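The following paragraphs lead the reader through a structure, from its elements to the contacts between them. Please keep the sequence and the coordinates at hand while reading.

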Amino acid sequence: MTKDDIILKVENVSKQYRLGLVGTGTISHDLNRFFAKIRGKEDPYLKIGESNDRSTKGTSEYVWALKHINFEVKRGEVLGIIGKNGAGKSTLLKILSKVTGPSTGAIKSKGRIASLLEVGTGFHPEMTGKENIFLNGAILGMTKKEITSKLHEIIEFSGCERYIDTPVKRYSSGMKVRLAFAVAAFLEPDILIVDEVLAVGDAEFQKKAIGKMQDISSQAGRTVLFVSHDMGTIQSLCSKLIVLENGRLIYNGKVKDGIINYLSIKSDVSKTRLLYHKKRSGSRTALFSDYNFSYKYENNLLIEGVNQIPSGALVYLDLVLVNKTKLERDISITIIVQNVSGVPITSYSNIFTLNNLYLKKDKCKVRFEIDDFNLTSGEYFFTVVGFDNQNKFDEIENCFKVDVLESNYFGTGKYPKQKRLGNVLSKSKQYNI
Amino acid sequence: MKKEKWLFEISSETKLIDLNLKEVWQYRDLLMLFVKRDVITLYKQTILGPLWYLVQPLFTSVIFTLVFNNVAGIQTGGIPPFLFNLAGITTWNYFKECLTATSDTFKKNEQIFGKVYFPRIIMPMSIVVSNLLKFGIQLLILIAFYIYYAFYLGAVIRPNEYLFLFPILVLCMGILGLGLGMIISSMVTKYRDLTFLVSFGIQLLMYISMVVIPLSLFQEKGVEWLVMYNPMGYIIEMARYLLLDEGNVSQFGISYTIISSIVALLLGIVIFNKTEKTFIDTI
């Protein structure tokens with residue numbers, strides 16, 4: 001087997017779902033399908049359907065969760081699959097793992113596929129840990145012989161030795177996850193599908209799981225398909241990336257460019273113009289009317305109009321102000337950043353930098369250039385306040401939200417994820433003295 | 001370019017019969033583990049444990065004997081009514097359990113089917129096998145009473161010389177239950193109405209399956225049409241013929257039973273295969 005051997009080929013795969021209540025009308029649709037089939041025609045309902053945009057109301061009750069997906073995976077590759085909620089990632093994995101069939105198209109594979117869709121499926125609470133290892137292993141496609149030969153390793157990896165002859169219903173939830181992952185970790189499929197299972201479990205477990213996945217792909221030369229929202233993990237694990245949006249494949253190629261491509265998909269936070277914001281205070285002699293974010297990160301490409309920004313990016317926040325008095329004057333603007341708990345994290349203002357901002361006759365644009373956007377991943381809310389001569393002319397609290405994404409801030413691939421590590425990233429050095 | 005060889009292909013087209021026997025064979029360990037699971041978990045945390053397997057047919061037989069034979073006066077030939085009923089109920093129970101349990105396959109295992117792939121047919125097959133074990137235990141109690149009646153009460157009973165064909169009859173019953181169960185389970189994924197139909201339909205079916213009323217009585221009353229097209233009726237009648245040498249067995253009955261079992265199984269496989277690919281979207 002050569003390294004360039006294509007192990008998995010997805011050809012023109014689409015998947016249609018019917019929305020609303022399945023029930024009434026099911027028989028009539030089934031009959032229509034049946035009559036079309038005996039007359040040798042195509043399924044009439046496959047011709048209709050809309051793209052699967054969750055937030056806009058559509059007219060058809062059929063939607064395409066996936067449409068015309070084509071890609072190939074080579075042996076030993078780790079393919080990352082990213083996309084927003086509802087982009088079709090899980091549907092794709094379900095089709096690949098044969099849980100459900102595609103509406104059109106075909107998938108060709110040269111290897112055994114096993115999925116780690118959700119650990120612990122098929123555990124029976126009344127059976128002991130050992131019995132469940134056998135059952136779960138068999139469900140995942142191992143033979144009894146294979147499991148017996150690895151039983152010792154599995155139990156050791158799970159760290160549940162003491163409980164192994166106790167019914168699983170007595171286990172803590174953490175122990176169940178450990179046991180389940182241990183079984184899956186010793187699977188030996190040619191293609192392993194992993195769907196965000198790593199999001200559960202404590203830090204130690206996550207580390208163990210990611211380490212195991214790296215072993216699988218690098219040492220054993222097996223292929224891994226990996227779905228995650230965690231850009232840091234994607235970047236460190238994957239060798240290739242595909243991006244899905246509303247059921248379509250919009251990117252297929254290198255990891256780095258793919259992540260940028262993904263981030264530039266406009267976030268689904270509806271962009272309300274600041275001008276129409278109701279909750280505001282101040283003299284209203286001038287008003288904030290619009291805002292726009294753009295940023296540069298790593299490859300110096302300017303990405304415009306997004307609310308999702310990786311940590312450490314060079315961020316441009318542009319504000320448009322409308323002057324209601326026709327009087328030109330100096331102003332100062334302060335932007336306060338709060339975290340999800342409402343705690344102020346930092347602020348940006350020309351009061352401290354003493355940069356001059358000037359309000360023109362009717363409209364003016366102001367740019368905030370934030371050199372080192374050193375917030376940790378998560379959501380942040382921005383409040384803007386404007387002053388002229390000590391008078392507040394406009395203040396809008398929490399007027400927009402920014403999603404900060406994990407990045408390779410320290411250049412090491414490591415990133416502080418725990419809440420207790422704070423909201424601000426700081427560069428520091430450590431050495432013996 | 002040479003044609004590439006693929007291990008398997010997933011496509012939107014469904015073949016009529018797509019039963020991959022090789023794959024099913026690969027998963028044989030899973031089948032046995034499911035059987036083991038069913039057996040060891042059914043009566044966990046009960047005091048009587050597997051004794052419950054025996055309580056059910058015994059009590060039913062006692063009640064049936066009281067109601068149908070003592071009160072209603074149904075004649076059972078020279079056979080003690082209790083033994084007559086016990087033989088019928090034991091055999092009937094196997095079919096009933098197979099059918100009701102398999103007809104629930106997709107709904108009951110939605111969770112696990114929605115997460116991992118294995119040949120779905122393993123699940124109904126494991127049910128048929130694990131019920132076979134239960135059936136075996138119930139047969140033992142039948143044999144115990146058989147001996148008791150024959151030697152202590154001196155009843156004139158003997159098995160038929162074709163008793164060795166009994167396993168074939170059981171196989172036939174398993175196939176019929178599996179086939180019908182698969183058909184129903186496939187349809188239940190879309191139309192839940194069937195679940196209700198199965199639970200009381202099987203009750204009604206029992207009365208026209210010669211469990212309590214022998215075929216001869218139906219013939220005597222001129223309502224043979226009521227039971228003529230029910231393969232289960234013939235199976236029960238044949239079971240009693242083999243075990244107690246009592247009952248009518250016709251060539252039509254035998255061939256009808258075998259043919260309908262095989263047809264049910266084939267049809268079941270076809271429908272089941274068609275459903276297993278996409279049922280997770282409709283259930």
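In chain A, helix α6 (residues 203–218) lies across β4, β7 and β8, and runs at about 145° to β8(A). Here helices (H or I, at least four residues) and strands (E, at least two) are DSSP runs, numbered from the N terminus. Axes are lines fitted to C-alpha atoms, for helices over the stretch in contact, and angles run from 0 to 180 degrees between N-to-C directions. The model is predicted: local features need pLDDT of at least 70, side-chain atom pairs count only at pLDDT 80 or more, and totals for chains, interfaces and linings use all residues. Residues are numbered from 1 along each chain as its sequence is written, while chains are lettered from A and ligands numbered from 1 in the order in which they are written.

β6-β7-β8-β4-β9-β10 is the order of an open sheet of six strands in chain A, with mixed pairing; two strands pair if DSSP finds at least two bridges between them. At its edges stand β6 (113–116) and β10 (248–253) of chain A, each of which pairs on one side only. From one strand to the next, the twist averages 20°. Within this sheet, β7 (residues 191–195) and β8 (residues 223–227) of chain A pair in the parallel sense over five bridges, and Val194(A) stands opposite Phe226(A) in β8(A). A further helix, α2 (residues 89–96) of chain A, lies across β4 (78–83), β6, β7, β8 and β9 (240–245) of chain A, at about 150° to β7(A).

Chain A also contains a helix pair. Helices α4 (residues 144–158) and α5 (residues 173–185) of chain A pack at an angle of about 140°, their axes 8 Å apart. That angle makes α4(A) oblique to α5(A), given that angles under 35 degrees count as roughly parallel, over 145 as roughly antiparallel, 65 to 115 as roughly perpendicular and the rest as oblique. The contact (C-beta atoms, placed from the backbone, within 7 Å) is made by Ile154(A), Phe157(A) and Ser158(A) of α4(A) with Arg178(A), Leu179(A), Ala182(A), Val183(A) and Ala185(A) of α5(A). By class, these residues divide into six nonpolar, one polar and one charged. Ala, Val, Leu, Ile, Met, Phe, Trp, Tyr, Cys and Pro count as nonpolar, Asp, Glu, Lys and Arg as charged, and the others, Gly among them, as polar.

The axes of α3 (residues 52–71) and α4 (residues 81–102) of chain B come within 9 Å and cross at roughly 130°, which makes α3(B) oblique to α4(B). Residues of α3(B), among them Phe64(B), meet residues of α4(B), including Ile89(B). This contact has six nonpolar, seven polar and no charged residues.

Where do the two chains meet? The contact takes 35 residues from chain A and 26 residues from chain B. On the side of chain A, β5 (104–109) and α3 (129–139) each supply at least two residues, and β5(A) gives the most, with six residues. The residues on that side divide into 14 nonpolar, 15 polar and six charged. Strand pairing also links the chains: β5(A) and β1 (residues 8–11) of chain B pair in the antiparallel sense over four bridges. Lys108(A) stands opposite Glu9(B) in β1(B).

Conventions
Two residues are in contact if their C-beta atoms, placed from the backbone, lie within 7 Å.
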